[in-house]
Amino acid sequence: MKQIKILWVDDEIELLKPHIIFLESKGYAIDTSNNGNETIEKIQKENYDLILLDENMPGLSGLETLSLIKSNRPGIPVIMITKSEEEFIMEEAIGAKISDYLIKPVNPNQILLSIKKNIDQKKLITQHITTEYRSEFQNIGSLISDSMNHKDWIEVYKKLTYWELELESSSDNAMDEILKMQKTEANASFTKYIKNNYLDWFDKDNAQKPLISPNIIKESVFPHLSKDEKVVVLIIDNFRFDQWKVLQPFIREYLDIVDESLYYSILPTATQYARNAIFAGLMPSEIERLYPDLWLNDEDEGGKNLNEKKLLQHQLSRFGFKASLFYEKIGNRNNEQKLKDSISGILNNQLSVIVYNFVDMLSHARTEMEMIKELAKDEAAYRSLTLSWFQHSDLKELLIFLGQQNCKVVITTDHGTIRANNPVKVIGDKNTNTNLRYKQGKNLNYNPKQVFEITNPHHAYLPKTHVSTTYIFATGDSFFAYPNNYNYYVGYYKDTFQHGGISLEEMIVPLITLQSK
């Protein structure tokens with residue numbers, strides 16, 4: 001292992017010999033300097049892992065030396081050590097991005113702790129996370145085996161997401177494959193749960209059914225409207241729980257989190273079905289029956305989510321709400337500019353709903369563009385791209401604005417997405433839909449063991465375009481491929497993010513309520 005090399009800068013360096021001996025006994029290599037000019041010469045010739053810097057020195061002061069260090073070697077952590085407790089010195093040092101600030105007199109253990117915090121922190125965190133996940137592995141395995149209801153599966157998914165993000169922050173990849181295997185095991189068991197229970201969710205006498213897409217507005221928005229509170233609903237298409245957890249610390253700067261929940265997207269976990277169900281407060285076949293002019297089936301020409309505002313207005317009317325409504329869908333820069341121009345007027349309405357399509361567009365772009373595929377090469381990179389988008393997005397500006405208003409904010413999505421790797425053969429006629437994670441048609445040929453099939457769509461409140469219409473759903477990380485030109489098809493879509501089927505990532509999605517600070 002590489003020995004950590006530290007430069008200690010102090011005009012009374014000879015008085016610090018006992019401290020230096022102590023640090024050397026801990027395995028650190030200590031070099032010294034007694035003035036700023038010598039320090040700059042040393043850092044230009046040697047590569048140091050950390051610098052201990054006295055603030056009060058003749059000639060170049062500690063702050064002046066710090067400025068030169070940052071100009072020459074901006075990446076080196078600097079711990080400032082000073083007798084002064086004056087606030088302006090602390091502020092200057094912190095503003096110059098020092099790594100720590102210690103007040104003299106200091107004892108050796110104080111310095112050792114600060115060094116470990118800045119040099120060994122990553123290693124210590126990694127060791128702790130690895131140890132903790134190892135001890136938790138069996139508990140999660142038991143939870144997967146024992147999960148009997150929708151609440152259990154939400155807890156499983158929360159735990160897996162937590163450890164995925166924790167392991168991502170460590171520098172040891174040894175546990176990544178183990179977690180990946182555990183997620184695969186969880187999705188296999190989750191598929192069995194869905195196969196055995198999904199249709200029972202639509203039994204009106206079933207008290208154990210989860211919160212699902214058609215009930216989102218009723219449960220998360222109507223209670224606030226009933227109190228005459230203003231509500232802004234932000235629907236981020238294709239937004240997973242892990243992506244929310246990455247954005248959460250940044251959003252919490254502007255808004256307080258009132259409730260962090262997860263709900264179940266209906267099948268298919270596709271925008272046409274799940275998002276229309278949210279806006280209408282109805283299952284797809286009910287939308288088709290009550291509002292046939294507002295519903296398009298898979299084989300119909302035209303956009304499938306063009307009537308969201310009308311569907312929401314119908315839902316508000318059915319439940320007796322006369323709230324004024326603002327609606328906007330953000331899919332390009334023109335929409336963003338339109339929203340920016342009208343941002344101050346959003347809260348002139350009691351209910352505002354804004355749909356953001358960026359994450360869904362990112363998912364599709366990753367499939368079609370090699371550059372995006374490289375940038376989002378794995379789950380961690382996909383989350384990182386989502387965070388990068390948010391930090392430079394108009395959504396962030398909107399949340400900053402809302403944080404200064406008196407309103408409730410609901411952030412949710414219609415469905416999540418999964419990284420598909422396992423091709424499953426299916427044959428359909430020319431009217432079969434093109435989605436890779438679900439198929440619906442009248443002449444589907446498939447292996448029933450590899451899918452979740454619904455042969456009577458009405459049982460799942462799905463439209464039935466033909467007498468023999470069947471729906472099939474991909475499970476785990478599989479995707480449907482046609483036998484014709486099979487190798488090309490598999491090569492093109494393997495390792496892409498898809499949605500429409502059954503997985504924890506697609507079906508269990510965030511529902512967050514926030515309020516202005």
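**Close-ups of a predicted model**

**View 1. The whole chain, and how far its contacts reach.** Take the contacts in the protein chain between residues at least 6 apart in sequence: 74% of them join residues at least 24 apart. What you're looking at is a predicted model. Its protein chain is built with 20 helices and 18 strands. Along the principal axes, the C-alpha trace of the protein chain spans about 90 × 50 × 40 Å. Of the chain's 517 residues, 52% count as buried.

**View 2. Isoleucine 20 and the residues around it.** Start with helix α1 (residues 17-25), where you'll find isoleucine 20. Is isoleucine 20 buried or exposed? Its relative accessibility is 6%, and the cut-off for buried is under 20%, so isoleucine 20 counts as buried. Leaving aside residues up to four places away in sequence, isoleucine 20 touches Trp8, Ile13, Ile30 and Thr32. For a sense of scale, pick out lysine 218 too: isoleucine 20 and lysine 218 sit 198 residues apart in sequence, and their C-alpha atoms are 66 Å apart in space.

**View 3. Helices α2 and α3 side by side.** Here we have helix α2 (residues 36-45) and helix α3 (residues 62-72), whose axes come within 10 Å and cross at roughly 15 degrees. Angles under 35 degrees count as roughly parallel, and α2 and α3 are therefore roughly parallel to each other. Their crossing is right-handed. On the α2 side, the contact is made by Gly36, Thr39, Ile40, Ile43 and Gln44, which meet Thr65, Leu68, Ile69 and Asn72 in α3. Sort the residues of this contact between α2 and α3 by type and you get four nonpolar, five polar and no charged.

**View 4. The largest nonpolar core, and another one apart from it.** Which residues touch the most other members of the largest nonpolar core? They are Tyr198 and Ile411, out of the 106 residues in that core. Helix α6 (residues 150-168) gives the most to this core, contributing seven residues. Zoom in on isoleucine 411 and, not counting residues up to four places away in sequence, you'll see it touching Leu234, Ile236, Phe239, Trp244, Ile251, Leu399, Pro510, Leu511, Ile512 and Leu514.

**View 5. Where α6 crosses α10.** The axes of α6 and α10 come within 10 Å, crossing at roughly 55 degrees. At that angle, α6 and α10 are therefore oblique to each other. The crossing of α6 and α10 is right-handed. Tyr157, Lys158, Thr161 and Leu165 are the α6 residues here, and they meet Phe241, Asp242, Lys245 and Val246 in α10. The residues of this contact between α6 and α10 split into four nonpolar, one polar and three charged.

Technical notes: Residues numbered from 1 in each chain as written. Predicted model: local features only at pLDDT ≥ 70, side-chain atom pairs only at ≥ 80, totals over all residues. Heavy atoms only, no water. Axes fitted to C-alpha atoms, helices over the stretch in contact; angles between N-to-C directions. Helix = DSSP H or I, 4+ residues; strand = E, 2+ residues; numbered from the N terminus. Parallel < 35°, antiparallel > 145°, perpendicular 65-115°, else oblique. Left-handed = near helix turned anticlockwise from the far one by under 90°. Contact = heavy atoms within 4.5 Å. Nonpolar A, V, L, I, M, F, W, Y, C, P; charged D, E, K, R; others polar. Core = buried A, V, L, I, M, F, W, Y, C linked by side-chain atoms within 4.5 Å. Buried < 20%, exposed > 50% of the residue type's maximum accessible area, 1.4 Å probe, protein only.
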